[in-house]
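Here is a short tour of a protein model. Keep the sequence and the 3D view open as you read.

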Amino acid sequence: MLVELGIITTVLALVLAWYAVLAGLYGAQTRRDRWVLSARNAALLTWPLLTVASLALIISQINGDFQIEYVWSTTERAADLFFKITALWGGQAGSLLFWSWLMSTFAAGALILNWRSERRLMPYVIVFSMATLGFFLILNVLVESPFARFWQTANGEVVTAVFQPVGTFPAIPQDGRGLNPLLRHPGMVIHPPTLYLGYVGMVIPWAFAMAALASGELSTSWIRATRRWTLVAWLFLSLGLILGGRWAYDVLGWGGYWGWDPVENAALLPWLTGTAFLHSVMIQEKKGMLKVWNMALVIISFILVILGTFSTRSGIVSSVHSFAQSPIGPPMFVFLALASVVSIGLWLYRWQRGELASEHHLEGWLSRESLFILNNMVFMAITVAVFWGSYAPIFTELFIGEKITLGPPYFNSVTAPLFGALFILMGLAPLSAWGHTSLSRMGRAMLWPFLAAVGLVAILLIFGMRDVGALLAFGLAGFAGFVTLYEIWRGVKARAQREAWAVAAWKLFGRNRRRYGGYLIHLGVVVIGIGVIGSTIFQQETQRTLAEGQSLTLGRYTMIYDRLERAQATDGRVMTIANVEVYDGSQLVAVLRPRQDFFPNAQDMNTMTIAGSYSTIENDFYVLLVAWEEISQASATFKVYLNPLVNLVWWGGLLLMLGTAVAAWPDQDRQRQRVTRRIEAGEHGSPART
Amino acid sequence: MALGLVVMLLGASVVLAQGGGETTPPSVREVTADEVNAISSKLYCPVCENIPLDVCGTQACARWRAQVRTLLEGGASEDEVITYFVDQFGERVIGTPQNPTLNFLSWSVPIAGVVLGVVAVGVIFIRWRGQRGSAVRPAGESEEEATLDDDYRARLERELRSSK
């Protein structure tokens with residue numbers, strides 16, 4: 001019954017999505033509002049339908065309906081309720097349904113929130129967002145159905161089909177295979193949904209941009225809606241990337257959080273172009289410039305989202321994150337090609353007609369807009385470098401016949417100077433003015449932050465740091481950080497003439513959310529940057545085999561191996577746990593229990609290495625149990641890392657989230673603008689007729 | 001040099017043929033796990049691509065690490081060990097290609113991207129500066145004020161001046 005409900009609602013959602021595309025297109029072309037309203041209602045209906053479909057699958061997972069292939073492959077009786085629910089995104093078919101549900105949620109949100117304010121764009125927003133949803137639902141219904149079931153033929157063969165083939169009867173396995181062990185981590189509850197939210201969120205800005213191109217409504221209206229939705233998507237992409245890093249740090253046993261893995265990079269690429277857009281869009285809002293470029297950035301971000309989804313799910317890149325090889329590769333490639341051709345075609349059409357021409361031109365070499373343009377150039381250079389590093393194996397195999405791997409040495413060498421340039425720009429841009437800034441004025445404005453950065457480098461030198469690269473990196477990050485703090489301090493100081501400092505700070509952020517939210521984001525990036533610099537350049541590691549009672553020393557810590565123990569968890573995993581004591585000098589600071597979990601029923605990746613770590617703001621003493629003496633258990637091999645400043649990566653991430661939330665929060669002025677736009681829309685009337 | 005490498009590899013293959021795995025063969029010199037990891041971190045196994053050899057948990061990678069150890073114990077340098085694996089399995093096993101053509105290709109794409117970006121930005125700046133209109137400064141407005149078309153910043157500067 002649940003399965004049938006899931007199938008019917010998914011198919012209905014598919015039909016309605018494509019109906020919305022056609023009705024929206026017809027309504028927009030003929031200017032018949034009735035059709036546009038009908039398209040909107042159809043688009044809105046996809047959300048409850050896909051909610052029912054997703055709930056049907058989740059309930060099947062909880063109930064253990066193992067006749068459903070997806071339920072069998074991602075859950076098992078012994079699994080916790082928690083993991084039975086999160087199995088919705090633990091495999092290809094379920095995560096595609098989840099993707100579709102999120103897409104319908106975002107589309108419904110855009111239709112409800114922007115219906116009045118962006119009325120003229122909405123018919124095409126429906127067309128482009130529903131075409132994307134419709135495509136993913138085609139995959140869900142025809143290629144990778146999460147409701148496909150096992151059937152047994154008369155000769156005992158088990159086949160998989162959505163509907164019962166003639167001459168078969170239901171085949172119901174006793175138990176499921178269970179979730180991939182790597183996904184049995186609390187981080188996996190939040191990491192995939194946030195990343196998907198970021199991916200799916202990028203579809204909405206693209207739909208608005210396409211709507212503007214298709215309708216020719218290329219005033220500032222589309223950019224307002226697009227910026228807000230991009231910020232929402234960017235927030236989730238950032239959160240997904242940071243949580244993914246945390247998951248890798250905890251579960252993958254690399255001793256690190258970022259490995260320049262192709263799937264990590266697939267999520268980073270739209271984040272980079274999205275960040276570039278969030279900066280350059282300000283130039284369009286303020287000066288009416290860079291219209292061609294902003295449109296291009298939105299299109300590139302969307303293409304990178306679909307490319308990332310395609311490469312992760314088709315098996316064209318190998319990664320610990322990627323799904324197994326799947327038949328969805330060819331249709332996804334077709335969609336990617338079609339979406340790219342339509343997007344670029346419309347963009348070129350409007351461009352050559354001169355409808356994306358700049359309203360103003362550059363007034364000075366040194367100005368906020370010139371620094372933002374440089375910022376965009378650096379972001380695009382990083383995008384090109386990361387794209388090439390991720391897809392070079394495919395290109396070289398395709399065109400030269402030799403597959404190469406570009407690993408961390410390549411990425412670190414290429415991106416480090418570019419990130420350094422970004423820190424410089426992050427420091428200079430807030431001090432510059434729109435239009436033109438004189439060199440002397442810029443020099444005066446940056447004097448104190450610059451001196452503070454020089455002071456920081458001097459202190460590091462005094463404390464014995466001699467690595468030139470590290471000194472330079474900390475200096476640049478420090479400069480960007482000091483500029484941000486200096487700007488916040490100046491703002492608070494100006495207000496503090498009239499009110500208490502705490503009140504002044506609160507009101508400053510509350511009344512200038514976009515500016516000071518942006519500063520908080522910059523601070524978050526600086527803190528993350530300091531964490532990355534420290535943990536990359538100064539990471540120490542060692543591997544030793546220790547007998548019980550023996551010790552090893554790394555940095556100022558000494559670790560003593562106590563004993564090994566075995567345990568079995570309720571979900572069937574066999575855990576081998578080492579007990580080690582960590583001393584800072586002579587003081588016992590922690591007892592760690594690094595372990596290896598073995599999943600007897602799991603296929604492929606059946607072992608998980610869980611680190612034990614002693615964390616301080618200064619560093620992480622991070623211990624992995626690598627091997628042990630099976631019979632006597634008298635000795636064990638440990639890999640131990642000392643990761644300086646690594647926790648700043650997570651703290652900086654939180655600051656970045658907070659800043660994004662502040663910047664995205666609507667302020668009173670904006671609410672007033674929205675009311676004004678509504679009035680204007682009402683006064684001018686709808687362009688459509690009923 | 002080449003002869004030495006051949007002898008060393010023959011030695012390694014004998015050890016592996018005896019089911020060497022992680023067991024320690026008769027060694028010429030003591031090799032630590034850290035030395036093995038330092039080289040392994042630069043290698044990628046073709047089976048589990050994109051995971052460096054030093055942190056990969058598969059049996060195949062454990063055998064490769066044992067092979068790195070054996071080669072080091074036989075007296076091979078880091079470069080010789082890496083060259084051995086590239087010869088055996090191709091350029092894909094290292095993070096940056098050894099082959100000069102592939103190496104050039106690896107680095108030239110991002111560098112070309114940066115150069116193109118710089119040229120594009122330069123052209124944009126020059127074109128826009130050439131097209132700029134003659135901005136007339138209102139009477140009585142200082143140069144500093146003229147540069148502050150950011151209303152908020154202008155207000156902030158005024159308030160900070162008044163607080164002095």
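## A hairpin in chain A

A:G612 has A:V623 in β12(A) as its bridge partner. Strand β11 (residues 612-615) and strand β12 (residues 619-628) of chain A run antiparallel and share four bridges. Two strands count as paired if DSSP finds at least two bridges between them. Three residues form the hairpin link from β11(A) to β12(A).

## About the model

This is a predicted model, where local features need pLDDT of at least 70, side-chain atom pairs count only at pLDDT 80 or more, and totals for chains, interfaces and linings use all residues. Residues are numbered from 1 along each chain as its sequence is written, while chains are lettered from A and ligands numbered from 1 in the order in which they are written.

## Chain A as a whole

Chain A holds 20 helices and 13 strands. Both are DSSP runs, numbered from the N terminus: helices are H or I with at least four residues, strands are E with at least two.

How does the radius of gyration of chain A agree with that of a compact globule? For 690 residues, such a globule would have a value near 26 Å; chain A has 27 Å, which agrees. The radius is taken over C-alpha atoms, and the globule rule is 2.2 Å times the number of residues to the power 0.38. Along the principal axes, the C-alpha atoms of chain A fill a box of roughly 85 × 80 × 60 Å.

Of the 690 residues in chain A, 53% are buried. Buried means that 20 or more other C-beta atoms, placed from the backbone, lie within 10 Å of the residue's own.

## Helix α10 of chain A

Helix α10 of chain A covers residues 262-287, which is 26 residues. From first C-alpha to last, α10(A) reaches 37 Å, close to the expected 38 Å. The expected span is 1.5 Å times one less than the number of residues.

α10(A) has a kink of about 25 degrees, centred on A:H279. The bend is the angle between axes fitted to the seven residues ending at a residue and the seven starting there. In α10(A), 22 of the 26 residues are buried, so the helix is largely enclosed by the rest of the structure. After α10(A) comes A:G288, with a positive phi near 70 degrees.

## Where chains A and B meet

The contact takes 53 residues from chain A and 44 from chain B. Two residues are in contact if their C-beta atoms, placed from the backbone, lie within 7 Å. On the chain B side, α5(B) gives the most, with 13 residues.

Conventions: A residue is buried if 20 or more other C-beta atoms lie within 10 Å of its own, exposed if 12 or fewer, and partly exposed in between; C-beta atoms are placed from the backbone.
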